[in-house]
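Okay, thanks everyone, I'll keep this short. Let me put the structure up, and then we'll walk through a few side chains.

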Amino acid sequence: MQKCLTIICIILFFHPSFAQDNKKKDSGASPQKSLILTKKQKRKIKVKPDPLWVRDYDDLLSLDIPFASTSLTVDLTDKITNKVMNYRPHSDMTVGLEAGYQVFGFGYAVSSGLSSLSNKTYGKTDYNDYSFSFTTHRLVIDMFYEDFKGFYLYNYTSFPKTSPADTSKIFPQRSDMHAVSAGLSIYYIQNFKHFSYKAPFSNSEEQLKSAGTFMWGGYISTFNLNADSGLVFGKYKRSLTGYSNINMSNTINIGVSPGYMYTFVFKHHFYASIALNPGLSLMYYQSLAHGPKDTIPGSKDSTYKVMSTSNLGFKITSRISFGYNSPRLYAGCTFSRDAFYQDESISKSKVDYAVGSVRVYIGYRFNVPLLNKIWKGGDSGDRIEINSASSSQL
């Protein structure tokens, strides 16, 4: 019996839990407390990028001065004659101020007035440009609205001259032409742990190592073009017979747009990013023509409407950004372009268009302890940005 008790005591003494308790008693250390995370804390850690790849600057107040230019190109293609008319607005460069802190970003810009120096050559364009962006580590939502009134014919030299003496360098102008473009796109960032979309485009983060990611998403867009005297005017109607009497065109696209983006990181905080997203959509197209009954075949009154649905539309979105991004100073240039193309089988005429912008900026980040003290919680991975520009602000 005594031998059995001795064996049991030896087993208990060398058992791991018993030995650990003895060590705690000998050292006088208190038992360790386990760390319990809430669901919200676990969710934040799960979506947070790897700090070895992405550095976060949301706790700093960023102020930058952007110089930007917005562009719109409109191609009217006549499939009977294969002639193309290219219209462009005479938009001005804007200058503004942008600020960002935590989830908030705001920017406002006004016209620089430089376009007034060439209004005689290209005509005058009144426009409004608004954009809204919501960006997290995994999700990008972009919305835009652009309104242009006043265009000029960019490729007028490709059409026959009225006379041998017609050597004027003033572009044919359409002050009555009006275009409205709007769209919404949503993208999911697959490699959000090692890649930052915000680093090259909103500068609220910094990409520390070269990395890339697939992007999955979709878009919806609309484009309306109209003119009082017809989209094709004067002598040019002889070259684009498919546009006879058409004075309004409207296009709606709903589609998918997967793509890929990569950021190259160089020494001393320099970077270069490129993204390409091709898109395929279902498209609704509508054109409206006005004129006497005898000039519009098949019409029963002075208005003839042509509609087509369930056709294919194509889109190519390209984004390029390069610059310098450090904890305090940052500067760079971004270029973006959304080009929309129609299916060739729609009608005798089609409208392709592209919306683009170029932005050059320089900024600085400030440490504001008072803001950090006021700020309570919130997911620093999200940022909402609102930007607007107007030619009529001066």
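So, let's start inside: Arg-359 and Glu-98 are both buried, where buried means under 20% relative accessible area, exposed over 50% and partly exposed in between, with a 1.4 Å probe and protein chains only. Before I go on, this is a predicted model, where local features need pLDDT of at least 70, side-chain atom pairs count only at pLDDT 80 or more, and totals for chains, interfaces and linings use all residues. Residues are numbered from 1 along each chain as its sequence is written, and side-chain values use heavy atoms, with hydrogens and water left out.

Back to the pair: Arg-359 makes a salt bridge to Glu-98, with the closest N and O atoms 2.4 Å apart; that term is a side-chain nitrogen of Lys or Arg within 4 Å of a carboxyl oxygen of Asp or Glu. Arg-359 sits in strand 16 and Glu-98 in strand 4 (residues 94–101), 261 residues apart. Strands here are DSSP runs of E, at least two residues, and helices are H or I runs of at least four, numbered from the N terminus.

What else does Arg-359 meet in a salt bridge? The side chain of Asp-64, at 3.5 Å, N to O. Asp-64 belongs to strand 2 (residues 61–78) and Arg-359 to strand 16 (residues 349–366), so this pair ties together parts 295 residues apart in sequence. Asp-64 is buried too.

Elsewhere, Asp-352 and Lys-350 form a salt bridge at 2.5 Å between the closest N and O atoms, and both are buried. Overall, the structure has nine salt bridges, and the protein chain has six helices and 17 strands.
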